[in-house]
Every structure is written in C-alpha cells, then in structure tokens.
Amino acid sequence: MPKKFAIASDHAGFKRKQEIIEYLKNQGFEVNDLGTKNESSVSYAVFGKKLANFLLENPEQVGIAICGTGLGMSYALNRFKKIRAARVTSENDACLAKLHNNANAIVLSSRFNSKDESISFIQKFLETEYEGGRHQERIDELDK
C-alpha cells in the first residue's frame, strides 16, 4: 500500500481537498498538496497538469484530484502518457479502476459525492490490488 499521496484541486474542490488531506494525515500518510490554496476561481486544467507532471516524476505516489464534477480534472490528467486517472463515483468504480486499469490517480467530485463517500472510495482504491494479466496489454496500448 502506498504511503504517499499527491493531491490537487480547483476552487470547487478546495474544501473537499482539505478534508481528504486531514483524513490521510490522520491515517499516517504523507500528502503533497499541489494546490489550489483557497476557493478563488482557478482553472482545473492548470492543477490537473501540475498533478500529472508531479506523478510522472514521482510514480510511487498516488494522485487524487478534485473538482466540482470530477470531469475537468480527469480530462486534464488523462492527456498525459502513463497517467491513468479514473473519475470515481462509487466504491465499485474505485475497485475496478485499480483492479483492471491500475489507475495511478483517482478523480473525485466535490458536488456529487460527500466527504464520507469520497473517503470510502479512496479506501477501496487503496485496498484493491492490480490484477495484471490480460489487463496489462490493454494498459500498454494506451501509451503507444
């Protein structure tokens, strides 16, 4: 299980980001907060790119991104080769994102999921092991 996280949000995800950071730190995890630092309007694209570049330089870390819907951050992250960011809206999504796709980032919605739901998605993601096998060929195809 990873012990380090990198987390980023836009303004809509700022409050949820702070809640998740507090939770992760209370669980003993190291958290790299890549911003935003307040609720002033910012572009999800800027912070998605910042997180993607950080993960490419620190592949041992798990990425968490948060915006209003989760869609914008997922678009920004998935433009980068070797980044597999899954927009997660259920525990089943979180499990399959890791089990079949070996996601290295999960993207959460601050508007459509509660703090407790978001934390349960993170927990499910962390407790799930990548299955490998036939899934690896498909993952490799993404970066060709």
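These notebook entries record what I looked up about aromatic pairing and nonpolar cores in a predicted model.

**Basis.** I used local features at pLDDT of at least 70 and side-chain atom pairs at pLDDT 80 or more, while totals for chains, interfaces and linings use all residues. Residues are numbered from 1 along each chain as its sequence is written, and side-chain values use heavy atoms, without hydrogens and water.

**Aromatic pair.** I searched the whole structure and found one aromatic pair (ring centres of Phe, Tyr or Trp, the last by its six-membered ring, within 6.5 Å; planes under 30 degrees apart are stacked, over 60 edge-to-face, the rest tilted). Phe5 and Phe29 make up this edge-to-face pair, at 5.1 Å centre to centre and 90° between the planes. I noted that the partners are 24 residues apart: Phe5 is in strand E1 (residues 4–9), and Phe29 is in the loop between helix H1 (14–26) and strand E2 (30–33) (DSSP runs numbered from the N terminus; helices are H or I of at least four residues, strands E of at least two). Both Phe5 and Phe29 are buried (under 20% relative accessible area with a 1.4 Å probe, protein chains only).

**Nonpolar cores.** I then looked up the largest nonpolar core, which has 23 residues (buried Ala, Val, Leu, Ile, Met, Phe, Trp, Tyr and Cys joined through side-chain atoms within 4.5 Å). Ile20, Leu24, Ile64, Leu108, Ile122 and Phe125 have the most contacts inside it. Helix H5 gives the most to this core, with five residues. Apart from this core, I recorded another of 16 residues, including Phe54 and Cys67.

Notes: Buried < 20%, exposed > 50% of the residue type's maximum accessible area, 1.4 Å probe, protein only.
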